[in-house]
Amino acid sequence: MSLRALRPYILAIVLTLPGLALRFAHPDLSPIWVAVLSGIAILGASFLLTWACEVAQLDIPQAVAVAVVAFIAVLPEYAVDMYFTWMAGQHPESAYSHYAIANMTGANRLLIGVGWSAIVLIFAGRYHSAVALHDDKRTDVLFLGLATLYALLIPLKGSLTWVDGVVFLAIYAWYIWIIARRPCEEEQPEGPAAVLAQLPKKRRLRTVIAIFLFAALVILCNAEPFSESLVASGKLLGVNEFLLVQWLAPIASEAPEFIVALMFAFRGNAGLALGSLLSSKLNQWTLLVGMIPGVYAVSSGGLSPSINLDTHQFQEILLTAGQSIFAVALLLDLRLHVREAFWLLVLFAAQLLSPLYDAQLEAMLGLAHDPLRLHYFYAQVYLSLAAILMIKNWRKVWQLRLGFKV
């Protein structure tokens, strides 16, 4: 194996070293520098995990690969969110619970608003075609729809409890039970992952395990300094720390997955790219949300009271659920067209940038300023569009039941 072939791995490992040094040396640095260095370390570890997960599926049973590899692939996102949730249980009166919801909702909305849209637009720009999913992805669309319908109940009842966590985890377990029983379709790794795939089986397995352990160590060592310094940087720069946690933190953890998916789209395999991000969305919308009340309960030492959330957090969940059910409605035919991707991107950008124009818009309309007004408006837009599409395509909604089949 040549040194040139190992360059991506060497570069990814080099990116992790400053973050590890920060954790063990404790230098006196500005929170901004700590956020940058620890974020870069998480980015490097995320790339290592992405490649290792791709290779691991060659050597472990399908049932294990589907569940474990899917979880490991999004470990960076889980680590940051679970840190905020744990601290929320330790300090219920603090804003940590708000940060946990911000990170979760931001990651979920980025996946659809940016990830799905970019794949379709790039693919259409090169091949002038919509992106079609394989028929077996109907199961993912179905279970994403089920999880989203349940998520809509959370803002309505005004609580996120351990019961909700159990429901989300049960939905994910049901999904895994179905897809793990399907025949395994072996896919040859590409790019940096192909380098590891060429190794003899035993050596490859040992190498993948070593990468998993190293990347997990990096992520766990940097989750706390990255999370805390991100909040501190917001206060230092006068930037809303809630927005930093919601949008900047997921970028570090989601970037490798986005990049790999975009590479597949450039090569013409956009169906695989969109399918992988669809699975990631389902993973985060069930496992990630489901683990929040459980981790909070363990940290706080009891199942009640539930995690401390206010109207803002419930509006964030409602907006995220609205976007999710709209995305499900667009995928009823297992295809995502350019105009549909365009509207996903436009609506995402409009709600993302709403803090920049909400006050001016309200002044023009003669309304009192309410920072949550546009959150609720865009949630209603998503829900209304989804309802129209589902009524119009009710036969395709009925066909989703086929996703329950093994």
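**Exercise 1. Which residues make the nonpolar surface patch of about 690 Å²?**

Solution. Step 1: list the members. Leu-29, Ile-32, Trp-33, Val-36, Ile-40, Leu-236, Leu-237 and Val-239 make the patch. This is a predicted model, where local features need pLDDT of at least 70, side-chain atom pairs count only at pLDDT 80 or more, and totals for chains, interfaces and linings use all residues. Residues are numbered from 1 along each chain as its sequence is written, and side-chain values use heavy atoms, with hydrogens and water left out.

Step 1: apply the rule. Patch residues have over 30% relative accessible area and no salt bridge; nonpolar side chains (Val, Leu, Ile, Met, Phe, Trp, Tyr) are joined within 5 Å, like charges within 9 Å. Areas come from the Shrake-Rupley method with a 1.4 Å probe, and for residues only the protein chains shown count as cover.

Step 2: Helix H2 (31-56) and helix H10 (201-237) each supply at least two residues. H2 gives the most, with 4 residues. Leu-29 sits in the loop between helix H1 (7-25) and H2. Helices (H or I, at least four residues) and strands (E, at least two) are DSSP runs, numbered from the N terminus.

**Exercise 2. Find the salt bridge of Glu-224 and say what it ties together.**

Solution. Step 1: recall the test. A side-chain nitrogen of Lys or Arg must lie within 4 Å of a carboxyl oxygen of Asp or Glu. Step 2: count. The whole structure has 5 salt bridges. Step 3: pick the partner. Glu-224 pairs with Arg-23 at 3.4 Å, N to O. Step 4: locate both ends. Glu-224 is in helix H10 and Arg-23 in helix H1, so the pair ties together parts 201 residues apart in sequence.

**Exercise 3. Describe how helix H14 (residues 338-352) and helix H15 (residues 354-365) meet.**

Solution. Step 1: take the axes. They come within 6 Å and cross at roughly 70 degrees. Step 2: classify. H14 and H15 are therefore roughly perpendicular to each other, a class that covers 65 to 115 degrees. Step 3: name the contacts (heavy atoms within 4.5 Å). Ala-350, Gln-351 and Leu-352 in H14 meet Ser-354, Pro-355 and Tyr-357 in H15.

**Exercise 4. Where are Pro-305 and Leu-334?**

Solution. Step 1: Pro-305 is in the loop between helix H12 (270-300) and helix H13 (311-330). Its peptide bond from Ser-304 is cis, with omega near -5 degrees. Step 2: Leu-334 lies in the loop between H13 and strand S2 (335-336). Leu-334 is not a glycine, yet has a positive phi of about 60 degrees.

Note on methods: Axes fitted to C-alpha atoms, helices over the stretch in contact; angles between N-to-C directions. Parallel < 35°, antiparallel > 145°, perpendicular 65-115°, else oblique.
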